[in-house]
Amino acid sequence: MSWGTELWDQFDNLEKHTQWGIDILEKYIKFVKERTEIELSYAKQLRNLSKKYQPKKNSKEEEEYRYTACKAFLSTLNEMNDYAGQHEVVSENLTSQILAGLARYVQELKQERKSHFHDGRKAQQHIETCWKQLESSKRRFERDCKEADRAQQYFEKMDADINVTKADVEKARQQAQVRHQMAEDSKADYSSILQKFNHEQREYYHTHIPHIFQKIQEMEERRIVRLGESMKTYAEVDRQVIPIIGKCLDGIVKAAECIDEKTDSQLVIEAYKSGFEPPGDIEFEDYTQPMKRTVSENSLSNSRGEGKAEPKFGGKPKGKLWPFIKKNKLSLKLGAAPEDFSNLPPEQRRKKLQQKVDELNREIQKEMDQREAITKMKDVYLKNPQMGDPASLDHKLTEVIQNIDKLRLEAQKFEAWLAEVEGRLPARGEQRRQSGLYDAQPAPAVNNCAQARESSPDGSYTEEQSQESEVKVLATDFDDEFDDEEPLPAIGTCKALYTFDGQNEGTISVVEGETLYVIEEDKGDGWTRIRRNEDEEGYVPTSYVEVYLDKNAKGAKTYI
């Protein structure tokens with residue numbers, strides 16, 4: 001089955017067919033390209049959808065995502081974001097594995113097709129030229145033969161005419177001989193050209209055209225194979241992302257399975273529990289005789305209504321079960337929420353105060369870390385004056401200490417309110433008087449940290465635990481002091497990136513490429529403490545060494 005033998009006379013049809021094959025390939029390329037654009041657009045829309053429903057930071061929506069159902073929805077949004085990423089991967093793989101290769105292949109195919117059909121047209125033109133030569137020699141031979149016949153007839157006529165002179169007869173005879181010789185020459189030339197044409201024709205139909213058509217057939221078959229391979233790759237690109245898409249869907253299912261209605265119900269209790277006891281029964285008020293209106297001891301209006309004027313006799317009772325609700329809403333609208341959150345129910349107030357205390361303790365710890373770093377830097381400047389002026393840090397150190405004192409006063413004030421809510425102190429008014437004294441007295445170390453605060457089984461906090469946390473906080477101020485008598489343990493190793501000539505006191509010289517032990521990492525002052533042996537240790541600039549901390553070593557930080 002060869003186009004060269006079966007389709008030897010279908011040059012024009014083969015030219016049209018191969019052009020149609022290239023058009024089909026270009027159509028498939030356009031199809032894949034549009035698919036990649038659709039995948040990218042779909043991925044973008046999915047990402048925008050996921051982003052649209054993400055909770056806004058520092059907003060009420062973020063608090064709502066404590067509930068397990070909302071957490072599951074957030075996991076769904078994150079999984080959909082990853083799901084969108086897989087569609088982007090499909091688009092990228094289709095572009096790199098199909099579009100780029102097929103685009104180059106189409107250009108090469110067009111050039112190859114053009115070359116083959118150029119050779120075919122060249123062979124056609126050659127055989128047509130040979131055919132024209134044959135026709136020309138044939139017509140010349142025919143013409144010469146006719147001229148020779150006429151010359152022969154004229155000679156015979158002249159020879160038979162007795163009135164013609166002998167000279168005219170001889171001239172006619174010579175003319176007939178010349179015409180006869182010309183006919184013989186034309187015959188020989190025609191015969192030669194005919195043999196040559198037959199040879200060229202055989203070469204054309206049995207060698208040149210089959211060879212050219214065979215190349216065209218091979219080119220077309222390669223195109224078909226390449227198209228089939230591209231279709232397989234098209235399917236494989238989708239198949240590769242199916243496992244990851246399956247994991248995304250599994251993640252959504254797993255998040256849905258983690259929804260716990262009981263946990264959400266408990267969170268609602270924690271969010272809105274007021275801490276008040278339900279009101280008791282209201283006693284019967286007998287208006288038949290003047291008497292003081294009484295309310296049960298458990299009623300909320302008992303505590304809220306003290307000092308108010310008695311309702312007029314015969315009027316509508318004005319006692320309300322939850323008098324704080326409308327009042328608090330009004331104060332919130334006017335922006336007059338008190339600093340101690342006294343406008344909130346007891347349980348909600350306790351939670352707000354606890355959050356405020358935790359926040360202040362974190363800020364205090366941050367300022368203490370900064371004070372420690374400045375103190376260390378000042379010590380380095382004292383030992384190495386050329387590195388900086390120690391006095392330049394005094395203002396910053398004083399400012400940090402003032403901030404610590406201010407934050408401690410603030411924390412003590414909120415802890416006093418928190419203690420009042422938790423029932424650890426006798427009365428709120430007394431605590432308010434005590435908190436007013438904090439502004440005039442210097443503050444000691446932080447009494448307790450929220451991280452160290454532990455609740456007792458009945459929900460209150462014990463004084464013993466707060467005292468223990470106070471001791472721990474005070475002890476941290478001295479944890480990082482240098483102890484020259486006892487050598488520090490190594491917490492890792494380091495490699496010197498550059499040579500450092502430690503000529504100042506407290507520094508140590510290192511050579512590029514040298515490996516040493518790290519006994520104290522950089523605390524923010526730009527220096528790392530290292531050891532060469534038991535007798536040689538000191539500081540080097542952190543930028544001069546590459547540190548490898550041992551995760552199992554005591555005091556080593558873990559980097560993720």
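Guide: Let's begin with a term: a salt bridge is a side-chain nitrogen of Lys or Arg within 4 Å of a carboxyl oxygen of Asp or Glu. Keep in mind that this is a predicted model, where local features need pLDDT of at least 70 and side-chain atom pairs count only at pLDDT 80 or more, while totals for chains, interfaces and linings use all residues. Residues are numbered from 1 along each chain as its sequence is written, and side-chain values use heavy atoms, with hydrogens and water left out.

Visitor: What makes Asp394 and Lys378 a salt bridge?

Guide: Their closest N and O atoms are 2.7 Å apart, and the cut-off is 4 Å, so the pair qualifies. Asp394 sits in helix α10 (residues 394-422) and Lys378 in helix α9 (residues 346-383), 16 residues apart. Helices here are DSSP runs of H or I with at least four residues, strands are runs of E with at least two, and both are numbered from the N terminus.

Visitor: Why is Asp394 called partly exposed?

Guide: Buried means under 20% relative accessible area, exposed means over 50%, and partly exposed is in between (1.4 Å probe, protein chains only). Asp394 has 31%, so it counts as partly exposed. Lys378, at 23%, therefore counts as partly exposed too.

Visitor: How do you know whether Arg35 is buried or exposed?

Guide: Its relative accessible area is 15%, so Arg35 is buried. Glu39, at 8%, is buried as well. These two form a salt bridge, with closest N and O atoms 2.7 Å apart, and both lie in helix α2, about one turn of the helix apart. Asp238 also forms a salt bridge with Arg35, at 3.0 Å. That pair links distant parts of the chain, with Asp238 in helix α5 and Arg35 in helix α2, 203 residues apart.

Visitor: What makes a set of residues a nonpolar core?

Guide: It takes buried Ala, Val, Leu, Ile, Met, Phe, Trp, Tyr and Cys residues joined through side-chain atoms within 4.5 Å. The largest one here has 40 residues, and Leu25, Tyr28 and Phe213 are among those touching the most other members. Helices α2 (11-52), α4 (68-160) and α5 (166-257) each supply at least two residues of this core, and α4 gives the most, with 16.

Visitor: And why is Trp527 called buried?

Guide: Trp527 has 9% relative accessibility, so it counts as buried. You'll find Trp527 in strand β3 (residues 527-531). Contact means heavy atoms within 4.5 Å, and beyond four places in sequence Trp527 is in contact with residues including Val380, Met387 and Tyr539.
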